[in-house]
Amino acid sequence: MATLTLNRIYCHHTTSGPGDDDVYIKVDGLRVWGEAEMGDEDGEDIDVSKNFGTKVKVSVWDADDAPSPDDFLGAFWAHKSQANTGEQAEVLTGDGSYYDIYYEVS
Ligand SMILES: [Ca+2]
Ligand SMILES: [Ca+2]
């Protein structure tokens, strides 16, 4: 068993639609954080931990009001093999956005 800890997320710039993004995060398809309103140059602490087996999928979304579907910011897999290798970062660029998300595996 390994543990994924999502540390924080930083928005360089939001998705291409008008206004701030309403960011939420799913781990293996279940929402674990958000919505959090984020604008350009905004950072937010996440501080969510989840146990997993071999690998776990993290996906990040911007909630939009119907009928507009939520925008997909990006996704990545965290692997057990990353355990205790320090903080990792992923870049998310979905729908014209630019985010960094920081996490670690232990
Ligand atoms: Ca949007
Ligand atoms: Ca939105």
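Reader: Which residues does tyrosine 99 touch, not counting residues up to four places away in sequence?

Author: Tyrosine 99 touches Ile9, Tyr10, Cys11, His12, Val60, Leu73 and Leu92; contact means that the C-beta atoms, placed from the backbone, lie within 7 Å. This is a predicted model, in which local features need pLDDT of at least 70, side-chain atom pairs count only at pLDDT 80 or more, and totals for chains, interfaces and linings use all residues. Residues are numbered from 1 along each chain as its sequence is written, and chains are lettered from A and ligands numbered from 1 in the order in which they are written.

Reader: Which residues touch the most other members of the largest nonpolar core?

Author: They are Val60, Tyr99 and Ile101, in a core of 17 residues. Such a core is a set of buried Ala, Val, Leu, Ile, Met, Phe, Trp, Tyr and Cys residues joined through C-beta atoms within 7 Å, where buried requires 20 or more other C-beta atoms within 10 Å of the residue's own.

Reader: What makes β2 and β3 a pair of strands?

Author: Strands are DSSP runs of E, at least two residues long, numbered from the N terminus, and two of them pair if DSSP finds at least two bridges between them. Strand β2 (residues 21-27) and strand β3 (residues 30-38) have seven bridges, in the antiparallel sense, and therefore meet that criterion. Leucine 30 in β3 is the bridge partner of valine 27.

Reader: Why are β3 and β6 called edge strands?

Author: The open sheet has the order β3-β2-β5-β6, with antiparallel pairing. Strands β3 and β6 (71-79) each pair on one side only.

Note on methods
Helices (H or I, at least four residues) and strands (E, at least two) are DSSP runs, numbered from the N terminus. A residue is buried if 20 or more other C-beta atoms lie within 10 Å of its own, exposed if 12 or fewer, and partly exposed in between; C-beta atoms are placed from the backbone. Two residues are in contact if their C-beta atoms, placed from the backbone, lie within 7 Å.
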